[in-house]
Amino acid sequence: MSGANGVTSQASQQSHGGTLSLTLRIWRQDGPDAPGRFHTFDAPNISEDMSFLELLDIINERLIEGGDVPIEFDHDCREGICGMCSLMINGRAHGHELATTTCQLHMRKFTDGDVITVEPFRAKAFPVVRDLVVDRSSFDRIIEAGGYISVNTGAVGDANQTPVPKQAADTSMDAAACIGCGACVAACPNSAAQLFTSAKLAHLNLIPQGQPQRWERTEAMVETMEQFFGSCTNHGECTEACPKEISLDFIAFMNRDYVKAKIKNRKLTGQS
Amino acid sequence: MAESHSGPNGASNGMLDSRVPDGPMADKWTDHKFSMKLVNPNNKRRFEIIVVGTGLAGASAAASLSELGYRVKVFTFHDSPRRAHSIAAQGGINAAKNYTNDGDSVHRLFYDTVKGGDYRSREANVHRLAEVSLNIIDQCAAQGVPFAREYGGLLDNRSFGGAQVSRTFYARGQTGQQLLLGAYQALAKQVAAGSVELYTRTEMLDLVTKDGRACGIVTRDLISGEIAAHTGHAVVLATGGYGNVYYLSTNAMACNVTAAWRAHRRGAYFANACYTQIHPTCIPASDEFQSKLTLMSESLRNDGRIWVPEAMDDARSPDRIPESERDYYLERKYPAFGNLVPRDVASRNAKTVVDQGKGVGPLRNGVYLDFSEVIERDGRTAVAAKYGNLFDMYERITGENPYAVPMRIYPAIHYTMGGLWVDYHLMTTVPGCYSVGEANFSDHGANRLGASALMQGLADGYFVLPYTIGDDLAARLGEPVVPLSDPVFAQATSEVTDATQRFLSIGGTRSVDWFHRELGKIVWDYIGMERTSAGLEKALSEIPALEAEFWADLRVPGSGANLNSSLEKAGRVADFFELAKLMARDALVREESCGGHFRAEHQTPEGEAQRDDENFAHVAAWEWHSSDTTQTRHVEELEFEEVALTQRSYK
């Protein structure tokens with residue numbers, strides 16, 4: 001580690017909030033099969049107005065100046081909507097602040113002298129790519145299994161020909177707010193993806209447009225989910241960690257629809 | 001130019017043919033759809049199309065093209081198509097449905113968009129955009145996009161960005177997210193059907209041409225570092241805007257110009273680079289290390305009052321500054337529109353007062369947006385119902401409670417109207433290479449209206465490109481793709497490999513981010529909200545100096561054989577340097593003020609933008625020659641048949 005340099009002190013001079021001196025224990029791992037371990041970094045004079053990812057930016061800037069390889073972490077929009085950022089911060093997905101993604105977690109939520117442990121999301125279905133970056137493409141496989149309404153471009157009538165009851169539209173939107181970050185899986189002791197899968201199912205199954213494929217979709221998505229992820233045992237950690245506060249009720253909804261789907265899909269094909 | 005090809009839009013001889021069809025404006029697209037050549041359904045599978053980017057434009061294009069039967073390969077540098085920055089659009093999407101019975105029509109949306117673009121867009125493109133806006137809403141609703149609904153179950157609309165009709169459809173404050181998820185799901189359906197091949201964490205680093213025609217791309221696998229070529233009959237670039245040239249912007253961190261720029265270097269003209277849009281209501285930067293700016297919905301200006309202290313360097317807290325010592329400068333200067341003047345006017349005025357030393361906040365880099373009056377009038381509950389989520393977001397970021405203390409806001413770069421020049425078919429000047437969405441220059445002229453970015457991205461991808469691409473491909477039926485064994489691919493691949501290696505071997509002392517930040521300061525200072533001839537000249541001397549330092553003193557640690565985000569950024573910042581120079585040149589030549597381009601030398605006595613329609617009612621499209629010579633400026637004259645040119649006034 002290069003020592004303290006002008007970079008952080010410059011930041012602190014211009015900040016209007018206070019500053020913190022922190023110690024970070026950050027997981028580093030060269031690749032999926034390489035062994036990983038914690039590296040410790042001192043982070044003095046950190047502005048309270050910084051986001052957690054800006055703290056990592058500073059550590060990386062110092063690593064580069066010292067000739068070391070910076071820490072890889074996923075991030076993009078930095079406004080809490082793209083779902084790209086992740087991280088277990090002190091053992092909590094996206095940190096301890098409720099309803100907040102890591103990119104929106106600000107350093108004023110920490111205390112001077114804190115030791116902060118930063119790890120990648122841990123789940124068998126999310127293998128580590130490098131350092132704090134994990135592969136969440138299993139979520140795409142669940143969507144590909146049926147997380148859509150099959151209407152080809154141009155094949156539709158006027159939008160207002162299909163009224164959608166407001167309550168259904170609102171609840172559907174509550175579910176559709178999922179950003180696909182994977183915090184639910186990371187927080188779950190079983191690494192289950194019920195909250196993610198049920199959010200998409202509820203979004204589509206609650207509205208009229210989603211009815212033709214409802215039962216087929218439910219069976220296919222649930223069974224694809226089970227190929228990658230663990231089973232739900234109703235801990236509720238997922239909804240607690242969810243930065244968009246997706247409700248546990250959607251899992252109950254999915255479970256009901258799945259049971260119905262097993263019966264209805266047989267009937268739809270003429271079986272009893 | 002080494003090659004002497006001639007594309008269908010005739011770019012090689014310097015004359016730009018927009019290929020706008022003849023006939024009355026309202027019939028052009030309909031008639032053109034009939035006159036274009038078709039590829040029969042069984043033959044479509046004999047064509048391979050490469051789509052780069054999976055935002056609204058890319059995902060909708062890839063899904064729609066594959067539904068038609070084309071074989072599609074789609075590339076994103078994200079881990080999933082759903083991450084594209086379209087996801088962050090908050091406000092809504094315009095469509096001329098006239099569901100509210102308030103007098104909207106295709107013609108009115110067309111008219112508003114041409115006027116809002118300050119008469120610098122191509123009328124025929126804009127008319128088509130307004131026409132297909134109707135289809136977009138139908139398509140998205142059928143996909144299950146959870147638009148806001150009335151109690152009767154029908155779609156709700158709101159007025160947006162000063163429009164006089166309610167034509168904006170929305171899904172809470174997450175319209176971009178929901179539309180993108182709709183397009184992503186349509187794409188996922190096609191991936192599952194086996195008709196789209198999806199490449200994630202794969203970045204396009206070059207366009208490959210043979211005999212002047214696009215025949216493929218070169219990519220780098222961001223995980224393994226593998227550099228590979230891909231061949232196709234056509235290449236579609238849907239790679240977004242270049243706002244991150246300013247370093248601080250509301251764009252996502254990875255947004256960049258690289259794919260478009262590499263195509264520019266291979267012959268695609270780059271148009272109107274100086275047209276960039278500043279959004280007036282963003283949260284000001286809090287320190288040097290701020291990595292991005294966050295936009296607050298413009299709707300806040302409906303109820304918030306903007307002011308600064310009358311005195312310079314007034315360090316008192318806002319509640320200690322009496323009414324008589326405040327300057328509500330927008331209300332004072334524009335009594336009719338007040339705080340609701342358009343984006344560019346609001347932004348420039350904020351800059352003026354901050355430059356005068358009246359800025360507020362610890363860095364003196366903002367203006368107040370004060371809600372105390374509306375809170376007193378309507379009560380905190382009513383205000384919370386309207387803006388609660390925005391107030392929460394503000395408090396999360398700044399640690400200040402906007403119910404008690406006025407918000408601080410300042411303008412930030414938000415959208416870029418310039419981009420790759422395309423004709424009516426959305427084809428660039430490289431035959432076979434198309435550009436859709438924010439990556440192209442079309443439709444918005446010099447200024448984009450609120451809720452129109454989502455509309456254009458989806459119009460291009462769902463309803464324009466799937467028609468126009470067939471017309472061009474029909475003539476090539478039976479032609480195989482250029483095989484990957486062709487020397488053009490080996491050549492391009494080796495050039496990309498060398499360029500990648502070059503970044504790693506500089507071995508200097510400064511990080512990519514350092515250079516990006518420094519570049520951003522120059523671009524913001526001289527090619528930002530207000531430009532002058534002297535400032536632009538200064539940019540044109542400072543940018544190359546910093547660029548030379550970049551190539552001499554850059555340090556990219558690690559290797560090219562695995563995930564290395566410094567290496568990825570190095571390539572993007574290298575392209576931003578070249579783009580920044582073009583922006584300055586484009587702004588320098590355009591001796592007028594229009595939309596997002598404000599030249600201080602060209603303003604009315606009241607300080608408003610002064611267009612020069614006689615000399616500048618045209619598109620400027622720049623042709624690349626080499627790194628050592630400046631681009632050549634070509635002109636596409638704009639003809640206005642339907643909309644009369646007038647000076648905007650908001651007094």
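Q: What makes contacts between residues 24 or more positions apart a feature of chain A?
A: They account for 74% of the contacts in chain A with a separation of 6 or more; two residues are in contact if their C-beta atoms, placed from the backbone, lie within 7 Å. The model is predicted, local features need pLDDT of at least 70, side-chain atom pairs count only at pLDDT 80 or more, and totals for chains, interfaces and linings use all residues. Residues are numbered from 1 along each chain as its sequence is written, and chains are lettered from A and ligands numbered from 1 in the order in which they are written.

Q: What share of chain A is called buried?
A: Of its 272 residues, 54% are buried, that is, 20 or more other C-beta atoms lie within 10 Å of their own.

Q: Which residues touch the most other members of the largest nonpolar core?
A: They are Cys184(A), Val185(A), Leu187(B), Val236(B), Leu237(B) and Leu420(B), in a core of 285 residues. Such a core is a set of buried Ala, Val, Leu, Ile, Met, Phe, Trp, Tyr and Cys residues joined through C-beta atoms within 7 Å. Helix 16 (residues 565-589) of chain B gives the most to this core, with 12 residues; helices are DSSP runs of H or I with at least four residues.

Q: What does Cys184(A) touch?
A: Leaving out residues up to four places away in sequence, Cys184(A) touches Ala193(A), Leu195(A), Phe196(A), Cys238(A), Ala241(A) and Cys242(A).

Q: How many residues of chain B are in contact with chain A?
A: In chain B, 66 residues are in contact with 73 residues of chain A. Helix 6 of chain B gives the most to this side of chain B, with 9 residues.

Technical notes: Buried ≥ 20, exposed ≤ 12 C-beta atoms within 10 Å, placed from the backbone. Helix = DSSP H or I, 4+ residues; strand = E, 2+ residues; numbered from the N terminus.
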